[in-house]
Amino acid sequence: MSIRHGLLALLERGQMYGYQLRAAFEESTGSTWPLNIGQVYTTLARLERDGLVRPLPENESGQRPYEITDAGRADLALWFATPISRADRPRDELSIKLALALTTPGVDVRTVVQTQRSATMRALQEFTRLKYTSDKPEDLPWRLVLDAMIFQAEAEVRWLDHCETSLVRHRPTAGRPVAHPEAVDRAGDEARR
Amino acid sequence: MSGVLELRDVHRTHGAGEAAVHALRGVSLTVAAGELVAVMGPSGSGKSTLLALAGGLDRPTGGEVLVEGEALGGLPARELARLRRRRIGYVFQDLNLLGSLTAVENVALPLELDGTGVRAARRLALAALREVDVAGQADRFPDQMSGGQQQRVAIARALVGERRLVLADEPTGALDSQAGEAVLHLLRRRVDDGAAGVLVTHEARHAGWADRVVFLRDGVLVDSTAPLVGIEHLLSGSER
């Protein structure tokens, strides 16, 4: 997600200046996504450049509120209407790490799996604790953010369990160079002998 | 630190000689009052064996199981049965409610078996049903209730009276995710009120409710996690 659309969504509620936007952003994500004020101003400057927000005159305290433009509203509506593509998400470092661990000599894949599972499990416990203690009706947006993190962590633990089960059945080939077609043929010949 | 439940180097072997199956191989675990411990592991890793031993439903072939400091191995069968009824609550995946008894009768049954008078048992059973928000179903039979309500009754039965140790084996069974969560919420609340709890589950999301998660693999405890305080470190990568 972009901070850009987050700020547009907040401005759709009404005009706000930088510090208000930062506070509202953190509140609506349960402080899971801390923003620094510099990011807010940089983003506002880009939104203004693209005609999606408009600065208003400074108030008596010297704060400059911004309001969303019609183009900004259209952009926001499009964002809400468009599913997030999996390809837009960052590459999954964990799966790449495990794939490499399998083929790197001297790396105990099971330990890598176990270490990750412990860490993810800890996170899951912490998310659940936070959810358990946020049971007021007005906490719903925050609880849904937590649920998302809970389901993601759960999926990761399940996938790690799956990896572990697969490893039990796996005959190690770690350290062998990537098979060349001829090498495969030779190995096949040897196996047949 | 002594716990409500203590497993000391517990072994459980089924059969003998070459056919022997080692379900548990030297498991030590302490569960304190106010603590919920989740036990995870693949099928056949020994999870249910551990729970059966903790509840005195099975006896170890080696090591000791203690409940509130009392070694179960040294108890005669009658005493063991009594301790099971008085101090240990069980919640299983299949609810084991008796179909010919109403909700309140199901909950009162263990108390009556233990010598509590019928009226007192009913009063305690109603209190337990209230605690899990199904007092309105007290006089209904299991087949007149939804799955979620039945599971709440089963939990009330596990919690009724002065049980200090609650053992749960996949207690959310086939419930939908909201009803399942409500069950875990109840378990958590009871533990927060001072009971010790053990939750056997293969679902990480359910284990997330525990204070500590232990992993069993081939009858051995391979890992144990407690949550870290503060989640900031988990979220540092999310600023993109």
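This is a predicted model: local features need pLDDT of at least 70, side-chain atom pairs count only at pLDDT 80 or more; totals for chains, interfaces and linings use all residues.
Why is helix 1 of chain B largely enclosed by the rest of the structure? Six of the eight residues of this helix are buried, so helix 1 of chain B is largely enclosed by the rest of the structure; a residue is called buried if 20 or more other C-beta atoms lie within 10 Å of its own, exposed if 12 or fewer do, and partly exposed in between, with C-beta atoms placed from the backbone. Helices (H or I, at least four residues) and strands (E, at least two) are DSSP runs numbered from the N terminus.

Residues are numbered from 1 along each chain as its sequence is written, while chains are lettered from A and ligands numbered from 1 in the order in which they are written.

The buried residues of helix 1 of chain B are Lys47(B), Thr49(B), Leu50(B), Leu51(B), Leu53(B) and Ala54(B), and the helix is followed by Gly56(B), whose phi is positive, near 70°. In chain B, four strands form an open sheet in the order 2-1-4-5 with antiparallel pairing, where two strands are said to pair if DSSP finds at least two bridges between them. Strand 2 (21-31) and strand 5 (70-71) of chain B are the edge strands, each pairing on one side only. Helix 1 (residues 47-54) of chain B packs on this sheet, touching strand 1 (5-14), strand 2 and strand 4 of chain B, and its direction makes about 120° with that of strand 1 of chain B. For that angle, axes are lines fitted to C-alpha atoms, for helices over the stretch in contact, and angles run from 0 to 180 degrees between N-to-C directions; two residues are in contact if their C-beta atoms, placed from the backbone, lie within 7 Å.

**Strand pairing in chain B**

Strands of a sheet pair through backbone hydrogen bonds, either parallel or antiparallel.

| Strands of chain B | Sense | Bridges | A facing pair |
|---|---|---|---|
| Strand 3 (residues 36-40) and strand 8 | parallel | four | Ala38(B) and Leu199(B) |
| Strand 7 (residues 165-169) and strand 8 | parallel | five | Asp169(B) and Val200(B) |
| Strand 4 (residues 62-67) and strand 5 | antiparallel | two | Leu66(B) and Ala71(B) |

Five of the five residues of strand 8 (residues 196-200) of chain B are buried, so strand 8 is largely enclosed by the rest of the structure. Ala196(B), Val198(B) and Val200(B) point one way from this strand, and Gly197(B) and Leu199(B) point the other way.

Val198(B) is also named, with Val107(B) and Leu129(B), among the residues with the most contacts inside the largest nonpolar core, which has 80 residues; such a core is a set of buried Ala, Val, Leu, Ile, Met, Phe, Trp, Tyr and Cys residues joined through C-beta atoms within 7 Å. Leaving aside its neighbours within four places in sequence, Val107(B) is in contact with residues including Ala125(B), Leu129(B), Val153(B) and Val160(B).

**Loop residues of chain B**

Two loop residues of chain B have a positive phi without being glycine. Asp133(B), with a phi of about 60°, is found between helix 4 (118-131) and helix 5 (147-159) of chain B, and is partly exposed because 13 other C-beta atoms lie within 10 Å. Glu170(B), with a phi near 45°, is found between strand 7 and helix 6 (177-192) of chain B, and is partly exposed because 19 other C-beta atoms lie within 10 Å.

**Chain A**

Chain A has eight helices and two strands, and 21% of its 193 residues count as buried. Chain A is divided into domain 1 (3-87) and domain 2 (93-177), with bounds that come from an automatic or database domain assignment, and the C-alpha centres of the two domains lie 33 Å apart.

Helix 7 (140-169) of chain A has 30 residues and reaches 44 Å from its first C-alpha to its last, close to the 44 Å expected at 1.5 Å a residue, the expected span being 1.5 Å times one less than the number of residues. Its buried residues, including Leu146(A), Met149(A), Ile150(A) and Leu160(A), pack against helix 5 (93-103) and helix 6 of chain A together with helix 7 (204-207) of chain B. Asp135(A), in the loop between helix 6 (109-133) and helix 7 of chain A, is exposed, with 10 other C-beta atoms within 10 Å.
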